[in-house]
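Here's a quick briefing for anyone opening this structure for the first time. Take a look at the sequence and the model, then read on.

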Amino acid sequence: MSHVFPRHTKSDLPFAVKGQGAYLYDHKGKQYLDASGGAAVSCLGHGDADVIAAIKAQADALAYAHTSFFTSHPAEELADKLVAAAPGDLDRVYLVSGGSEAVEAALKLARQYFIEIDQPERHRFVARRQSYHGNTLGALATGGNAWRREPFAPLMVQTSHIAPCYEYRGLVSGETQYDYGQRVANELEEELLRLGPETVIGFVVEPVVGATLGAVPAVNGYFKRIREICDRYGVLLILDEVMCGMGRTGTLFAHAFDGITADIVTIAKGLGAGYQPIGAMMCTSRIYDAIADGSGFFQHGHTYVGHPMACAAANVVMDKLIKCDLVQRCSTMGTSLQDALVQTFGQHSNIGDIRGRGLFIGLELVADRETKQPFAPDLAIHKLIKRQAFENGLACYPMGGTLDGKIGDHILLAPPFILEPEHIDEIVEKLSQTLKQVLG
Ligand code: PMP
């Protein structure tokens, strides 16, 4: 009997024993193409000798020192690199061990900021109905999926949710993309006025929606309008790039594409590239200084923040993304993969939409292409596809939750940036085979 506590207690999973390049291997030697990079984690692929060497060297020199006594060279170096690469003036970095921790730190920092500047009445957040921000209690409260939140309600962090920018289902006939973006962004202003903007801390949003919708970027102009609304009402713009960041969408920071600046940004997943658990919360000096000049103490912390071995790994990841042009490669290979998917599945009767940026691509599954009618939720098509694809040696990331968090299915593809053309062929071929087996 396994004593590991799996998320699905009835699951019977194979043992992962080896990873090399774009492939994973189980205990029986079966090979799987890692077409989802875990969950948009493995940007460099598996078995990267440079990252492994850096981790070993750091373990030899120093594995751990508590950050209340010491800083460390790997942590300082990583913060410098992130600040140099980030758009706008995000120049302070708080290093954590994963995505939920980064979001949790962001929520607390934002709340503390308003307390320090004597606006304690700002106590709540606005987020979007289709979003995932993590599973710790604060992050869970900001996430949009009602079915995830409701079992734990009432949640301590007050959040209300507005519509996402979701062109496939939101744009109405006769409306331009731009007008749609402005209309849906204006929901933020309406919500702020409804709540009383002086009570709101921040708007929490993924620049490209990941797990809940399957790689949905906003239309042009949406985020500029969001930024204007936040500025107008003194609300912080908190961008969650845990999934879409670190080059995944073709720019190192996803929001660089939208030409906006953020007050707080969270990153994780690709930062450790699967080699170490690490995440970061970045903020502007305005926020940091308010705390430094006020109480002088961020009321937060974890034992493993700024872990030297995790930072050593992330430093190599950052170097590879930037100096080896892997972000550029992600963008180029992303276009090739998306083109290949459109060519093969563009007219498929059960694929309503193919979207995404870089190597962050979603395929939306529908029962009827014309009416965009989703599959009935009890069919759990995404689960059948996930299982069959895995059987066929393809690890992809199908999810339910396109509409209200329960209905609707999509497949998320987020392979490593080292992808080669033959991997693209393999993804398309195995996906075709899987769809035939599941949908007929
Ligand atoms: N934010 C986003 C946008 C995510 O996609 C995720 C994870 N899927 C998280 C936060 C939480 O990250 P973690 O699972 O590392 O806690």
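The notes below cover the ligand's surroundings, one alanine and a pair of helices.

This is a predicted model, where local features need pLDDT of at least 70, side-chain atom pairs count only at pLDDT 80 or more, and totals for chains, interfaces and linings use all residues. Numbering starts from 1 along each chain as its sequence is written.

**Around the ligand**
- Of the 15 residues around the ligand, Gly 99, Ser 100, Gly 134, Val 242 and Met 243 come nearest.
- Sorted by class, that shell has seven nonpolar, six polar and two charged residues (Ala, Val, Leu, Ile, Met, Phe, Trp, Tyr, Cys and Pro count as nonpolar, Asp, Glu, Lys and Arg as charged, and the others, Gly among them, as polar).

**Ala 310**
- You'll find Ala 310 in helix α11 (residues 308–323).
- Setting aside neighbours within four places in sequence, Ala 310 is in contact with Gly 272, Gln 276, Pro 277 and Ile 278 (contact puts the C-beta atoms, placed from the backbone, within 7 Å).
- Ala 310 and Thr 335 are 25 residues apart in sequence and 31 Å apart in space, C-alpha to C-alpha.

**Helices α3 and α11**
- Among the residues that meet here are Leu 78 and Lys 81 in α3, and Ala 314 and Met 318 in α11.
- By class, this contact of α3 with α11 has 10 nonpolar, one polar and two charged residues.

Definitions and conventions. Near = placed C-beta within 6 Å. Helix = DSSP H or I, 4+ residues; strand = E, 2+ residues; numbered from the N terminus. Contact = placed C-beta atoms within 7 Å.
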